[in-house]
Amino acid sequence: MRNLKFVLHIKAKGRDYYYFRRDGLRIPLPGKPGQPEFHARYAELLDDTGKPRLLENQFGGLVASYLNSQEFKGLAAKTQQAYRGFFKALDKHIIETAPIHKITRRSVLEIRDRYADRPRMAQAVVRTLSLLYSYAIDREIVTENPCAGVRVKGNSARTELWTEEDEAMVTGCGDSQLVTAFMLGLYTGQRRTDVLAMRWDQYDGHRISLTQSKTRQRVWLPCPLPLKRHLDALPRTSTHILTDTTGKPFTETGVNSRWRRMRGRVGLREGLMFRDLRRTAACRLADAGCTVPEIASITGHSIAETQEIIDRYVIPTQQQASAAIAKLDAYRKPKV
């Protein structure tokens with residue numbers, strides 16, 4: 001017994017009980033020293049170096065379990081990368097051997113408050129920790145989520161929309177590939193990651209079909225005439241529609257660099273971003289009279305997300321009001 005680290009022996013009511021004890025955790029061991037089942041379970045609780053193995057009810061062990069789960073592996077590569085970064089941030093505040101049932105709401109609030117000057121990071125860290133606890137609850141490792149109800153003050157929602165004047169600045173910038181990326185973003189309403197990944201074999205001359213990397217949503221995108229004319233005039237020198245000067249597919253880094261240079265060159269409005277094209281596309285479809293389900297079929301947003309965008313950003317206009325009354329008059333017109 002003296003050579004077995006982390007083993008606690010308790011004698012009660014004439015019986016011997018053995019536990020693997022470490023960092024506030026106490027795990028029952030079957031049988032007693034010398035019996036096969038005792039040593040088999042004891043070995044499971046140690047790693048190959050003889051040190052205690054992280055368990056699912058410890059923070060580090062739970063993170064490792066989640067990263068190896070089907071839930072995590074089913075996420076898009078970019079989302080996986082983001083979660084790994086947030087887990088590394090949490091490592092600075094929670095030791096890997098900490099029993100997860102001892103992480104309290106107060107602990108979560110303290111972690112949140114350390115990012116008071118970085119609200120977006122505070123949101124991300126708390127949401128990631130909450131996700132981890134939801135995973136643990138599903139596996140009956142814990143029964144409560146200490147992140148539940150924790151409020152994080154975030155940055156105000158983005159409200160920028162591209163105007164026709166902004167559009168003209170980019171389309172006249174002289175960088176043909178950047179113009180193509182811009183038009184694909186504006187006329188398809190897709191995320192930049194999916195725009196950069198678009199291939200020529202996904203375009204049949206009339207529409208682009210793809211599976212969105214983040215949501216795995218399958219979408220079919222009929223190309224408006226300006227986009228169709230632009231694509232049909234482009235040389236097909238690669239498998240991908242967007243390539244750099246060497247003919248290789250555009251990377252996030254490459255397009256970011258060229259985008260920054262273009263901004264300064266044409267004097268684009270401060271704060272206007274590529275990501276705003278997706279919102280702009282949804283709003284333009286709404287202005288054209290498209291229904292919420294029709295808009296969602298293009299952008300790949302859920303019906304609820306699409307409705308939220310329309311409610312927040314589409315401002316009723318005199319033109320829309322006139323169109324509504326024209327429809328009413330046509331409906332009420334006496335049938336001949």
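Predicted model: local features only at pLDDT ≥ 70, side-chain atom pairs only at ≥ 80, totals over all residues.
Biologist: What makes the Tyr66 and Phe87 pair edge-to-face?

Modeller: Happy to walk you through that one! The ring centres of Tyr66 and Phe87 are 6.0 Å apart, and rings count as a pair if their centres lie within 6.5 Å. Their planes stand at 70 degrees, and angles over 60 count as edge-to-face. The pair is therefore edge-to-face. By this rule the count comes to 11 aromatic pairs.

Biologist: Why do you say that the pair ties together parts apart in sequence?

Modeller: Because Tyr66 lies in helix H2 (residues 59–67) and Phe87 in helix H4, the pair links parts that are 21 residues apart in sequence. Both Tyr66 and Phe87 are also buried, a word used for under 20% relative accessible area.

Biologist: Good to know. Which residues form one aromatic cluster?

Modeller: That cluster is made of Phe6, Tyr18, Phe20, Phe38 and Tyr42.

Biologist: Now the largest pocket: how do its lining residues divide into nonpolar, polar and charged?

Modeller: The lining has 14 charged residues, 13 nonpolar and 11 polar. Arg120, Arg158, Arg191, Lys214 and Arg275 lie nearest the pocket's centre. Since Lys and Arg count as charged, these five belong to the charged group. The pocket holds about 2,000 Å³ of space and is lined by 38 residues.

Biologist: And which helix gives the most to that lining?

Modeller: That is H6, with six residues. Helices that each supply at least two include H4 (77–91), H9 (192–197) and H12 (276–287).

Definitions and conventions
Residues numbered from 1 in each chain as written. Heavy atoms only, no water. 1 Å grid on protein atoms, 1.4 Å probe; cavity = no way out; pocket = protein on both sides within 12 Å on 5 of 7 lines; lining within 4 Å. Points joined across faces, edges and corners; volume = space filled by probe spheres on them. Helix = DSSP H or I, 4+ residues; strand = E, 2+ residues; numbered from the N terminus. Phe/Tyr/Trp six-rings, centres within 6.5 Å; stacked < 30°, edge-to-face > 60°. Buried < 20%, exposed > 50% of the residue type's maximum accessible area, 1.4 Å probe, protein only.
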